[in-house]
Amino acid sequence: MNILAIETSCDDTCVAVLKVGNCKLKILSNIVSSQVKIHAKYGGVYPTLAKREHQKNLPLVLKRALNKAKGPKVDLVAVTVGPGLDPCLWTGVNFAKDLAQKSDLSIIPVNHIEAHILANFINEQRTTNNEQLFPAICLVVSGGHTQLILMRGYGKYKILGETRDDAAGECFDKIARILGLGYPGGPLIAAEAAKLKTKNYQLKIKLPRPMIYQRNYDFSFSGLKTAVLYNFKSQSEKIRKSKKYIQAISAEAQQAIIDVLIKKTVRAAKDYKAKTIILGGGVAANDELRKQLMSNVKCQMSNVKFLVPPKKFCTDNGAMVAVTAYSHWFWGKEKKPKSVEANANLRLE
Ligand code: KG4
Ligand code: ZN
């Protein structure tokens, strides 16, 4: 069986083809066409512009994905229906509906947050043994979301907490904009932070770790961004433009985000006696977050497994959508939904 998956929830136009045989999954193609250059001048994603680009890109990306997969016979269409930017989601949904209708195929609606979680299972074989992973605590960190989710099994989710304002990725993006680094901010902040040689300089800048000691699973990142803005404004022109300062404030801001994410995730895992911690979403591509969360899990909860997808499956892609659709199909959920509609505010519950 081959699943063709479409993902257009934000600013990446993605199409993937997944081959399933004997419970074994093989990604035949996974094409991501990024709109980064177009949105860079706005410092964030401009929805109507993103929609127009998706409309333009989808036929081309589809062609590339089918060519790369060597013209497979498609058996099922999957599409992200939410959460995300409304005009972008509808573009993908309408495109998928059209494709499915023309070839008389079923269409499986996919939740973007679930897809970020199940990106961890792209190379896994589906067996009931996977049940040994649960309960799991999932940390989904992207440009639009920051959520801690209790996963009791495939399709069984409960949102324990989430950001009350900016998402972690959004915080990276806004800080990068303040520092004049460009967009998307996450990889740029991470690169500046990695250049910092003397950690001593970092000590001079102390940023807040919002809500870190609150005994809940919620987050708040807008205060951190404001603290960066105040710090930046308080510096002289010369310091603001110095490499050392940019590197130091990037390192401290990145560490502040990581500290809060790790503290709350580890606490949730302990509270719910989790067998696994699952990381996903664009910010999961951050090397320091991956490294530090893994070492915290090892030190503090040595019997807990830690899962994180390869970096290319952390940021938006079609492969994660295909795998999620396959999971629904495999676990017998929603084989033939009555209607497929985009829902920008879709929740994973
Ligand atoms: O999941 P994603 O591709 O799109 C959304 O669903 O939002 O996540 C994009 C976000 C952006 O905010 C980007 O800055 C962030 O992920 N990101 C990173 C890194 N790579 C991407 N943040 C920190 N470090 C990275 N290496
Ligand atoms: Zn995403």
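1. A quick term before we start: a polar contact here is a pair of N or O atoms within 3.5 Å. With that in hand, look at histidine 112, where a polar side-chain atom sits 3.1 Å from an oxygen atom of ligand 1. Keep in mind that this is a predicted model.

2. Ligand 1 has other contacts of this kind. Histidine 116 places a polar side-chain atom 3.0 Å from an oxygen atom of the ligand, and glycine 169 has a polar backbone atom 3.1 Å from a ligand oxygen. On its own, ligand 1 would expose 550 Å², and the protein buries 90% of that.

3. Who is around ligand 1? The shell holds 18 residues, and the closest are His116, Gly143, Asp173, Gly186 and Asp316. Sorted by class, that shell has eleven polar, five nonpolar and two charged residues. If you want to trace it by element, α4, α5 (168-178) and α6 (185-195) each give two or more residues to it. By domain, at least three residues come from domain 1 (2-122 + 312-339), and at least three from domain 2 (131-308).

4. Now the metal. The zinc ion (ligand 2) is held by His112 (NE2), His116 (NE2) and Asp316 (OD), at 2.0 to 2.1 Å. Along the chain, these donors follow the spacing H-x3-H-x199-D. Two of them link distant parts of the chain: histidine 112 belongs to helix α4 (residues 112-118), while aspartate 316 is in the loop between β10 (305-307) and α12 (318-330), 204 residues apart. Histidine 112 and aspartate 316 are both buried.

5. Is threonine 276 buried or exposed? Its relative accessible area is 0%, so threonine 276 counts as buried, the cut-off being under 20%. The side chain of threonine 276 reaches the backbone oxygen of leucine 133 at 2.6 Å.

6. Last stop: arginine 347, in the segment after α12. Arginine 347 has a relative accessible area of 42%, so this residue is partly exposed, a class that runs between 20% and 50%. Where does that segment pass? The C-alpha atom of arginine 347 is separated by 8.4 Å from that of isoleucine 113, although the two residues are 234 residues apart along the chain.

Conventions:
Residues are numbered from 1 along each chain as its sequence is written. Chains are lettered from A and ligands numbered from 1 in the order in which they are written. This is a predicted model: local features need pLDDT of at least 70, side-chain atom pairs count only at pLDDT 80 or more; totals for chains, interfaces and linings use all residues. Side-chain values use heavy atoms; hydrogens and water are left out. Donors are N, O and S atoms within 2.8 Å of the metal (3.2 Å for Na, K and Ca); water is not among the atoms, so sites may look incomplete. Helices (H or I, at least four residues) and strands (E, at least two) are DSSP runs, numbered from the N terminus. Buried means under 20% relative accessible area, exposed over 50%, partly exposed in between (1.4 Å probe, protein chains only). A residue is near a molecule or strand if one of its heavy atoms lies within 4 Å of it. A polar contact is a pair of N or O atoms within 3.5 Å; within protein, one must be able to donate a hydrogen and the other to accept it, and residues adjacent in sequence count only if both atoms are side-chain atoms. Accessible areas come from the Shrake-Rupley method with a 1.4 Å probe; for residues, only the protein chains shown count as cover. Ala, Val, Leu, Ile, Met, Phe, Trp, Tyr, Cys and Pro count as nonpolar, Asp, Glu, Lys and Arg as charged, and the others, Gly among them, as polar. Domain bounds come from an automatic or database domain assignment.
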